Amino acid sequence: MPGSAAAQETILILGGTREAADLAKELVASKPEARIITSLAGRTKEPAPLAGEVRTGGFGGIEGLMQYLRETGVTQLIDATHPFARQISANAVEAAKQAGVPLDIRTRKPWAKQPGDSWIEVETLEQARDTIPPRARVLLALGSQHIRLFASREDVHFVVRMIDPPEEPLDLPDHALVLGRPGDTPAVETMVLIAHSITHIVCRDSGGNAAYAKIEAARELGLPVIMVGRKG
Ligand code: NAP
């Protein structure tokens with residue numbers, strides 16, 4: 001149309017995962033003319049640096065996200081959030097529909113059980129808690145918001161790994177805190193499991209590579225993994 005410049009391609013990635021960070025890097029390199037924006041919820045105090053622009057904090061539900069899409073002139077929305085981040089994914093579907101912005105869903109597929117895996121598959125975190133045998137030593141590989149649920153298991157020693165130190169002491173009777181990100185390789189995770197004499201891992205079926213090393217380490221050590229599936 002004469003006089004009107006074509007709108008700049010503007011891609012909003014709903015992020016907070018390693019895959020989203022990789023995608024931002026890839027898009028910044030492959031689309032130098034486009035605006036690439038990653039949105040973070042703001043849960044991690046010092047997120048790893050990201051390629052392109054970053055915005056942080058909730059949008060304010062479907063309405064807020066829709067408004068952001070319109071005001072920012074987003075031409076493509078990509079959902080690369082964690083598969084258990086269900087609210088933002090549901091909001092993305094609705095907001096994209098209402099704002100008329102195409103949505104590309106790239107949340108990870110569940111892990112496939114491999115020969116040698118000893119998984120006890122459950123549907124909810126409550127079932128995971130109740131499945132832990134008495135006096136077990138458990139690597140609790142869950143977000144900080146889920147830890148409290150395990151407080152009633154006074155007979156179990158928990159090892160909790162967190163990226164940021166907790167603001168308040170953890171509400172678990174018997175536990176050790178390991179600060180840092182999950183190990184990148186099964187060898188690193190094997191060392192953690194052995195150092196803490198872990199007998200069981202409790203985690204959710206997040207899929208992807210970032211958290212998979214502990215699953216491989218458990219397989220090598222023959223340790224059972226209490227795996228909360230996607231329905232939970
Ligand atoms: P959630 O329950 O689906 O979302 C709760 C609210 O947080 C959303 O309604 C939204 O607030 C805000 N929010 C979530 N993700 C956002 C994003 N990428 N950008 C802006 N606002 C966002 O999400 P969650 O499970 O708390 O996860 C939060 C973030 O952590 C996500 O980015 C996710 O990828 C990442 N993460 C989650 C997990 C997990 O286990 N759930 C694990 C690793 C990383 P408004 O309604 O105000 O917009």
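Residues are numbered from 1 along each chain as its sequence is written, and side-chain values rest on heavy atoms, with hydrogens and water left out. Because the model is predicted, local features need pLDDT of at least 70 and side-chain atom pairs count only at pLDDT 80 or more, whereas totals for chains, interfaces and linings use all residues.

The protein chain holds six helices and 11 strands, where helices (H or I, at least four residues) and strands (E, at least two) are DSSP runs numbered from the N terminus. Along its principal axes, the C-alpha trace of the protein chain spans about 75 × 30 × 30 Å. Of the 232 residues of this chain, 43% count as buried, a term that stands for under 20% relative accessible area, with exposed meaning over 50% and partly exposed lying in between (1.4 Å probe, protein chains only).

Strand β2 (35-40) is largely enclosed by the rest of the structure, since five of its six residues are buried. Strand β1 (residues 10-14) runs parallel to β2 and is joined to it by five bridges, two strands being taken as paired if DSSP finds at least two bridges between them. Within this pairing, isoleucine 11 has isoleucine 36 of β2 as its bridge partner. Between β1 and β2 the chain passes through helix α1 (residues 18-30), and this β-α-β crossover is right-handed, which means that, with the strands pointing away from the viewer, the path from the first strand over the helix to the second runs clockwise. Strand β3 (residues 53-56) also pairs with β2 in the parallel sense, over four bridges, and glutamate 53 in β3 stands opposite isoleucine 37.

Strand β11 (residues 224-228) is mostly covered, as five of its five residues are buried. In a regular strand the side chains alternate between the two faces of the sheet. Both faces of β11 are covered, with Pro224, Ile226 and Val228 buried on one side and Val225 and Met227 buried on the other. Strand β6 (residues 118-122) pairs with β11 in the parallel sense over five bridges, and valine 122 has valine 228 as its bridge partner in β11. Strand β10 (residues 200-204) likewise pairs with β11 in the parallel sense, over four bridges, with isoleucine 226 of β11 as the bridge partner of valine 202. Together with helix α6 (residues 213-221), β10 and β11 make a right-handed β-α-β unit. Helix α6 contains isoleucine 215, which is buried with a relative accessible area of 0%.

Around the ligand there are 22 residues, of which Gly15, Ser39, Arg43, Phe59 and Arg204 come nearest; a residue counts as near a molecule or strand if one of its heavy atoms lies within 4 Å of it. The residues of this shell divide into six nonpolar, 12 polar and four charged. Both β2 and α3 (86-99) supply at least two residues of the shell, and α3 gives the most, with four residues. A polar side-chain atom of serine 39 lies 2.7 Å from a nitrogen atom of the ligand.

Methods:
A polar contact is a pair of N or O atoms within 3.5 Å; within protein, one must be able to donate a hydrogen and the other to accept it, and residues adjacent in sequence count only if both atoms are side-chain atoms. Ala, Val, Leu, Ile, Met, Phe, Trp, Tyr, Cys and Pro count as nonpolar, Asp, Glu, Lys and Arg as charged, and the others, Gly among them, as polar.
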